Amino acid sequence: MKPTEKKIIIDLIQSGLIGETKRVELAALSLARSVKDESPEMFDNIKNTLASYSLTGGANIRSAGSAPIPTDGDSKMEMATIYEPNIEQNPLPVLPAFLMDRINSFIDERNKIDILIENNIKPSTSLLLVGQPGTGKTMLAKHIASILNKNLIILDLSSSVSSLMGKTGANLKRVLQYAKQSASILLFDEFDAIAKKRDDSTDLGEIKRVVNILLMELEDWPISSVFIATTNHPELLDKAIWRRFDHTLEFPTPDKNLRLKILEDELKDFLIKNNTSSEILKPISEMFDDKSAADLCKYSNNVKRRAILKNEKPLNSLLNEIEDFQNDKKLRAKFCVIAKDLLGSDLTMRELSELTGLSISGVNHHISKTKNHK
């Protein structure tokens, strides 16, 4: 046995005894490279073991019984919540095609870890999801965990952040180590609450310590786990944090095509069941400019609830659940113009009048006024 191989094996044993997953992986990879030419079979065994743990480690841990969730020393509260993979409960959110391409590439990469290991290439282990609330960031993290068949560990900020000097950093490190060793996916929502810029003159050093811990932990993140962070305020993040993530995905608010797709997914079957054309969703989707996917889902649920409980026509419920619709003549006039433009003769002036509460002459006036300005 070569001296270098002896050193690697000793390091492998030491790292395993202290639970340093990243060091174990690095030592195993070094050993595999060292014996590749002389013992291809051993190289394959090490490679396959690493790949198998990365792909199924979470499932193995679930069946064997995982270690207790870290708790805060003072409050005794658990500092994380664990969700087992469930693809039915965690579907893929509706997202733009360019974003879906990047997500599919990441998932494909994670499913082909063995190929990357064989070619001495480190797979991606971290994602930073940036976007306004309700755009699908947390939903995507849950979907990725489910499709990769890994436990999802969600950090609980309320129990992890301590008012005591030095405790927050220690708490975070314990959760991070727990996620590393369990071959899981760690979700860190509202990442900007912790990974703030280190130039705050009022800070007594706690933020700097926390950010430094995050930088070190992300640098040594093992290939068997994935770190996902989300933020609504990217401008608050420390500059050095950005470089630690393999991929940054920006989530826009849905455009009119995506808005229509979300509404159709949520309401089309309901409307058809109640003998109502789903074509009405086209002008409705135009009324939700700059709204998030979560806003659209909430609206859809309110429409269905209202129609059933009030025994109301779905068309009326669709309009009554648009905020301020009945109290704002300009909003009703806008709907008339959009609806007529998109649906044409499928929606008569009389029907528009009945739906909006405007007079037929009023509907005609608003539509004609818009035509004259074009």
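This short talk walks through a few local features of the structure shown above.

Good morning. Please keep in mind throughout that this is a predicted model.

I begin with the strands. Strand β4 covers residues 185-188. How do its side chains point? Ile-185 and Leu-187 point one way, Leu-186 and Phe-188 point the other way, and all of them are buried. As a general rule, side chains in a regular strand alternate between the two faces of the sheet.

Strand β4 also has partners. It runs parallel to β3, and 3 bridges join the two.

Next, the helices. Two packed helices are described by the angle between their axes and the distance between the axes. For α11, residues 256-273, and α13, the axes come within 10 Å and cross at roughly 20°. Angles under 35 degrees count as roughly parallel, and α11 and α13 are therefore described as roughly parallel to each other. Which residues make the contact? Among them are Ile-262, Leu-263 and Phe-270 of α11, together with Leu-296, Tyr-299 and Val-303 of α13. The crossing of these two helices, α11 and α13, is right-handed.

After the helix comes Gly-357, with a positive phi near 85°.

That brings me to backbone angles. Most residues other than glycine have a negative phi. Which residues depart from this pattern here? One is Asn-149, whose phi is positive, about 60°, although it is not a glycine. Asn-149 sits in the loop between α6 (137-147) and β3 (152-155). Another is Asn-311, with a positive phi near 50°. Asn-311 is found in the loop between α13 (293-309) and α14 (314-320).

Finally, how accessible are these two asparagines? Asn-149 is partly exposed, because its relative accessible area is 34%. Asn-311, at 72% relative accessibility, counts as exposed, since the cut-off for exposed is over 50%.

Thank you for your attention.

Note on methods: Residues are numbered from 1 along each chain as its sequence is written. This is a predicted model: local features need pLDDT of at least 70, side-chain atom pairs count only at pLDDT 80 or more; totals for chains, interfaces and linings use all residues. Side-chain values use heavy atoms; hydrogens and water are left out. Helices (H or I, at least four residues) and strands (E, at least two) are DSSP runs, numbered from the N terminus. Buried means under 20% relative accessible area, exposed over 50%, partly exposed in between (1.4 Å probe, protein chains only). Two strands pair if DSSP finds at least two bridges between them. Axes are lines fitted to C-alpha atoms, for helices over the stretch in contact, and angles run from 0 to 180 degrees between N-to-C directions. Angles under 35 degrees count as roughly parallel, over 145 as roughly antiparallel, 65 to 115 as roughly perpendicular and the rest as oblique. A crossing is left-handed if the near helix is turned anticlockwise from the far one by less than a right angle, and right-handed if clockwise. Contact means heavy atoms within 4.5 Å.
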